[in-house]
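Reader: I've got a structure open and a few things I'd like to pick apart. Can we go through it together?

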Amino acid sequence: MKYNEIRTAFLDFFESKGHKIVPSASLIPNDPTLLFTVAGMVPWKSILQGAEAPFANRVADVQKCIRAGGKHNDLDEVGFDGRHHTFFEMMGNWSFGDYFKEGAIEMSWELLTKVMGLDPDKIRVTTHISDEESTELWRKIAGKEAIRLGDKDNWWSAGDTGPCGPCTEMFYDFGEDIQNEDDRWVEIWNDVFMQFDRDANGNLSALPKQNVDTGGGLERWGAMMQGVRDNYDTDLFRALISATEGVVGVKKTAENTASFKVIADHLRAVGFAIADGVIPSNTDRGYVIRRILRRAMRHGQILGHRGELLSKLYPALVTEMGAAYPELAAQQSRVVEIIQNEEHAFADLLQNGMKLLDAELPKVNNGVLPGDIAFKLFDTYGFPLDLTQMILRDKNMDVDTAGFERAMTEQKERSRANTKGTRVLWESQGDLPATDDATKYAPESDMTSSVISILRDGEFVKTADAGDDVEIALNKTNFYGTQGGQVGDAGEILKDDTVVMTVSEAARAGNIVIHKGRVTAQIAVGDAVKPVINTATRAATARAHTATHLLQAALREVLNEDVEQRGSKVSPDSVRFDFSFGRAMTAEEKQAVEDLVNKWIAADMPVLHEEMSLDAAKSRGAMALFGEKYGDTVRVITAGDISCELCGGTHIHHTGEIIKAKINKEKSISSGIRRITMSVGNLAE
């Protein structure tokens with residue numbers, strides 16, 4: 001049976017048993033703890049754990065999965081055996097409080113022996129040592145004496161506490177002549193019985209609703225049903241490898257088989273992930289896909305190929321798997337364009353970096369590339385460390401990773417030491433109290449403050465006279481210092497109701513707000529003063545900041561949910577927004593984003609400013625900037641029901657205050673990163 005025939009037979013069988021057949025969920029999971037959907041149960045996690053009511057009592061599907069990042073990582077094994085994959089298909093049937101052990105075991109045995117026609121003598125089963133019921137059911141249903149195993153092999157749990165239970169596994173004999181037992185007896189099916197709830201003391205109690213979670217890898221089934229021992233010798237992979245031979249102009253041999261396996265496997269992972277909305281980038285799942293794509297290209301070069309590779313092979317993937325997964329064909333032009341952009345960027349990066357690497361390798365006499373050279377490749381040519389390691393691995397060489405990390409640390413220290421302006425001077429004043437944050441969002445205030453420090457010409461002084469350009473710290477201020485991409489306030493500082501300083505910019509140095517500007521009358525440390533912001537500038541900046549949140553929400557709706565912020569600058573009535581996306585936006589997409597932002601502005605939705613615990617914000621689904629560090633208490637800005645973000649900036653209270661938005665330009669600023677500039681308010685008229 002071929003792959004498409006196995007999928008169809010599997011789903012038809014469970015449909016005949018009353019299961020609702022559902023399409024595969026996305027590779028982008030609705031689970032912040034996972035980069036990808038790594039198993040068939042991931043889309044059903046909330047139902048299986050009782051947090052969500054099931055829409056059907058019996059369900060079956062074939063779920064697309066990726067294991068290539070975090071703790072679920074098979075990437076480095078791919079290509080060097082016949083069983084590892086980054087992308088794979090997991091067949092499964094699910095009972096949500098319906099049938100349990102007897103029904104699951106009966107259907108498993110019927111599927112394997114009747115539908116698939118496997119020889120019962122070639123199937124071995126295991127059960128948990130405590131599970132007398134399943135052991136007896138195997139005797140009754142199949143006449144099989146199960147092998148009893150312990151928790152390591154035949155017990156499933158969601159964690160240290162919560163749902164858990166025994167499982168029973170089925171193994172298939174791939175040949176008596178195979179010496180290694182693990183290679184001979186391969187797991188082909190697993191029934192998990194969610195039977196108990198475990199408390200903090202380890203005590204088990206019966207779940208009120210017991211579930212069945214099953215799974216079997218389609219790639220293993222392909223090998224089993226086609227009588228081969230290597231997954232890559234099945235019809236699907238033979239077709240993809242044949243297409244690869246046509247593109248690279250080289251035939252597969254015993255010596256180059258690993259490279260052909262890598263390319264065929266990685267084509268599936270990259271193609272499916274991008275079709276589901278993952279954009280190659282330098283962070284998160286985008287980084288994983290970029291790494292997989294570059295690994296495939298590197299193996300193409302090992303085969304002597306130069307230029308585009310996976311983008312040329314993508315049509316073959318559509319041919320082989322498009323009937324089962326129509327999103328591949330629907331997204332073909334977009335996916336190919338994104339892959340091509342990545343391939344061209346990588347080709348340039350590789351060409352420049354390899355010149356340095358080729359010059360340095362003859363100097364290496366211990367098989368280990370010095371860390372400072374690896375860092376130079378990273379810092380100058382954009383070579384990630386793992387790319388250098390992959391290239392050197394082919395040459396049986398390694399990298400001094402400790403030296404690489406030292407060079408990275410030294411570079412960061414140099415960067416801090418070379419900080420422009422006077423931030424370092426302010427940060428060196430460790431005795432300065434932090435500026436009170438309680439009033440910085442107030443547009444107007446009658447607060448009385450006092451001068452705690454004055455910096456003039458690089459020195460801290462006690463007084464400053466009219467005409468001096470200075471920086472001043474106050475013990476309390478309602479000025480917003482530049483932070484989180486938002487420019488700081490401008491305004492004045494008054495003493496005895498007389499302007500003593502015009503503030504052109506409020507900046508930040510750690511927890512201190514610094515007021516930069518020119519003194520108009522003598523001012524001294526200890527003076528009682530009143531900070532007064534320019535309310536018109538503040539309002540225009542707040543308009544732009546809320547509009548930035550609407551812009552991000554619109555980009556995610558029009559382009560895809562994987563769009564992520566990569567930087568921003570919010571100025572009065574002006575927005576610059578950087579985001580992850582693998583290609584130029586079309587004119588239609590830009591117009592759709594602009595129209596959506598203006599639609600939300602016209603709706604005059606309320607904008608809530610709330611403080612809450614970080615856990616409460618996460619449970620609400622508030623978006624955060626990747627890599628940012630947040631305290632236990634955070635500020636959450638919610639615009640209607642379309643945007644909810646952690647944000648410390650200033651904002652308006654109704655979207656209608658933005659007035660209007662207009663996208664001015666969209667361009668690339670680096671590989672996989674785009675920049676939009678947008679005018680709002682008065683500038684958009």
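Predicted model: local features only at pLDDT ≥ 70, side-chain atom pairs only at ≥ 80, totals over all residues.

Reader: Okay, so how many disulfides does the structure hold?

Author: Take Cys-65, whose closest cysteine sulfur sits in Cys-167, 17 Å away, so the two are too far apart for a bond. Cys-644 is in no disulfide either, with the sulfur of Cys-647 being the nearest at 11 Å. The disulfide count for the structure is zero.

Reader: Is Cys-644 buried or exposed?

Author: The cut-off for buried is under 20% relative accessible area. Cys-644 comes in at 14%, so Cys-644 counts as buried.

Reader: On to the sheet with S24 in it. Which strands are at its edges?

Author: The sheet is open and antiparallel, with four strands in the order S23-S24-S29-S28. Inside that order, S24 (residues 574-580) and S29 (residues 673-680) are joined by seven bridges. An edge strand pairs on one side only, and here those are S23 (565-571) and S28 (661-670).

Reader: Which residue in S29 is the bridge partner of Val-575?

Author: S24 and S29 run antiparallel. Within that pairing, the S29 partner of Val-575 is Met-678.

Reader: And what angle does helix H18 make with S24?

Author: H18 covers residues 535-558 and lies across S23, S24 and S29. The sheet has a twist of its own, averaging 15° from one strand to the next. Relative to S24, H18 runs at about 30°.

Conventions: Residues numbered from 1 in each chain as written. Heavy atoms only, no water. Pairing = 2+ DSSP bridges. Helix = DSSP H or I, 4+ residues; strand = E, 2+ residues; numbered from the N terminus. Axes fitted to C-alpha atoms, helices over the stretch in contact; angles between N-to-C directions. Contact = heavy atoms within 4.5 Å. Disulfide = S-S within 2.5 Å. Buried < 20%, exposed > 50% of the residue type's maximum accessible area, 1.4 Å probe, protein only.
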